[in-house]
2 protein chains.
Amino acid sequence: MQIVFLLYDEMTALDAIGPHEILCRLPGANVLRVAKRQGSVHTDSGLILTAEYALADIPHADVLLLPGAGNATTLREHPEILSWVRAIHTTTTWTTSVCTGSLILGAAGLLSGLRATTHWAALDRLPAWGAEPVQERIVESGKIITAAGVSAGIDMALTLAARIAGQDIAETLQLGIEYDPDPPFDSGSPSKAKPSIVEKLQARLVASFEKPK
Amino acid sequence: MQIVFLLYDEMTALDAIGPHEILCRLPGANVLRVAKRQGSVHTDSGLILTAEYALADIPHADVLLLPGAGNATTLREHPEILSWVRAIHTTTTWTTSVCTGSLILGAAGLLSGLRATTHWAALDRLPAWGAEPVQERIVESGKIITAAGVSAGIDMALTLAARIAGQDIAETLQLGIEYDPDPPFDSGSPSKAKPSIVEKLQARLVASFEKPK
């Protein structure tokens, strides 16, 4: 089972690494990391990841995962990446995204007419690609699964692990990463956070979405 | 504010990357990644991270974070790393660990007489270093904060963010990563998972802890 993570400069590392930590431990998983060019990928937190493969090396995936990025123009204006995503999608059993990774799916033309989610502050970007924005943590539309912002990738990956390998395996993976979350605050969604915090963060994030390359 | 992540071969990526995604966004944070040697670090999921600094480059940290590893002998038998951890600890405001990272603190002699936690399957290793094992998600003992397995690092980092920069900033960071967890199963701790799952996983993890380098 070939599980392919697309990496790219300015991506958010946790979008990929949360699911990666779960999916790499699925029985029979062969996890590959691919980028436009083989080599270093500079994430938006300064952390440098490595893609062992270039796009042309990977013609097929059973599972494709697209992480997001604050700067939403980063990836979506690279036509060769969008073509690759479209081509890989024809080979997948599951095509998935975390955070604004769904906007890559949108730009690739894969969300037209579908329900989808993304980071809460980017939901209003989805209709531009013909998608119906849904403020849920995980949205399944056929073989496409989109997850909400950053940390939602962990919940999505556990859901996907159960679909692929059954609930017992998924529960074992959850126990392995001791995922019994207990956040010290209840500020993880715009409906729960203080309005002043939502407003300030939204303004900052929307500005980053608009930031030119 | 210098926040230093120790990276090493065979570490678990999410132990570091969860907190990294939060702490790098603290106002004034200068986040550095250090390893025994500058360069590539091969994590236990196949993912390759990069350490921009070698131990000798970093004589000081305001915050030190030690991730864990399945193979608990990996790091703890490197005396030069333990000496570095001891030396850095004398300069920190906060010394922190995620998962079996606390066993590094133990081996460095820093947990003697202190309450501490680690991955649930490794709790019984703590007394060997004079520490009192505590099955809680986050344990604060003075300036040392230890977190439970892998994903507990996210909760720990939010707690630490509030200590450093105040609750409003921490809540903003939580909203930024949309950390409103909603695991599809309730199997994230040994007290909640099915006993058969706990038993099987514990046997496998204990074997990995014993695995020679």
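**Close-up views of a two-chain model**

**View 1. Strands S6 and S7 of chain A run in parallel.** Strand S6 (residues 63-66) and strand S7 (residues 94-98) of chain A pair in the parallel sense over four bridges. Strands pair if DSSP finds at least two bridges between them. Strands (E, at least two residues) and helices (H or I, at least four) are DSSP runs, numbered from the N terminus. A:Leu65 has A:Thr96 of S7(A) as its bridge partner. This is a predicted model: local features need pLDDT of at least 70, side-chain atom pairs count only at pLDDT 80 or more, and totals for chains, interfaces and linings use all residues. Residues are numbered from 1 along each chain as its sequence is written, and chains are lettered from A and ligands numbered from 1 in the order in which they are written.

**View 2. Seven strands of chain A form an open sheet.** The order is S5-S2-S1-S6-S7-S11-S10, with mixed pairing. S5 (53-54) and S10 (138-141) of chain A stand at the edges. Each has a single partner strand, so one side of each lacks a neighbour in the sheet.

**View 3. Chain B meets chain A.** The contact takes 55 residues from each of chain B and chain A. Residues are in contact if their C-beta atoms, placed from the backbone, lie within 7 Å. H6(B) gives the largest share of chain B's side, eight residues. The copies meet through the same surface, because 100% of the interface residues of chain B are also interface residues in chain A.

How values were computed:
Two residues are in contact if their C-beta atoms, placed from the backbone, lie within 7 Å.
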